[in-house]
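The sequence and the model are shown first.

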Amino acid sequence: MAELDPVIHAQARLRIMSTLAALGAEAQVSFPRLQQLLDMTAGNLSTHLRKLEDAGYVTVTKTHNDRTPATYAALSAPGRRAFEDYMTALRALLGEGS
């Protein structure tokens, strides 16, 4: 039986991964927009993004727009693959096959 990736399996991280996976392969989303889409507090989103970043699933880019700090998140190639593997394992667990 396939095992579900515990890094992705947490509800908040699964929501982040599925939202980022819905973007194009090269797309990134600003931190405030992701926070708004997921209805998460900044602290909660930061904590879960860091766990995903530590696993290599998400890239977080910090930059400035003029003088205003801006943070963007994107799904990395390994993250996209891990999410696809997670979905395949979940479907297998539910008896849906791949």
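Which residue forms a salt bridge with Glu 84? The partner is Arg 81, with the closest N and O atoms 3.4 Å apart; a salt bridge is a side-chain nitrogen of Lys or Arg within 4 Å of a carboxyl oxygen of Asp or Glu.

The model is predicted: local features need pLDDT of at least 70, side-chain atom pairs count only at pLDDT 80 or more, and totals for chains, interfaces and linings use all residues. Residues are numbered from 1 along each chain as its sequence is written, and side-chain values use heavy atoms, with hydrogens and water left out.

The protein chain contains 5 helices and 3 strands, where helices (H or I, at least four residues) and strands (E, at least two) are DSSP runs numbered from the N terminus. Their order along the sequence is α-α-β-α-α-β-β-α. The C-alpha trace spans about 50 × 25 × 20 Å along its principal axes. Of the 98 residues, 30% are buried, meaning under 20% relative accessible area, with exposed over 50% and partly exposed in between (1.4 Å probe, protein chains only).

The structure holds 2 salt bridges, listed below.

| Salt bridge | N to O distance |
|---|---|
| Glu 84 – Arg 81 | 3.4 Å |
| Asp 85 – Arg 81 | 3.0 Å |

Glu 84 and Arg 81 lie 3 residues apart in helix H5 (residues 77–93), while Asp 85 and Arg 81 are 4 residues apart in helix H5, about one turn. Shared partners join Arg 81, Glu 84 and Asp 85 into one network. Glu 84 is partly exposed at 39% relative accessible area, as are Arg 81 at 49% and Asp 85 at 38%.
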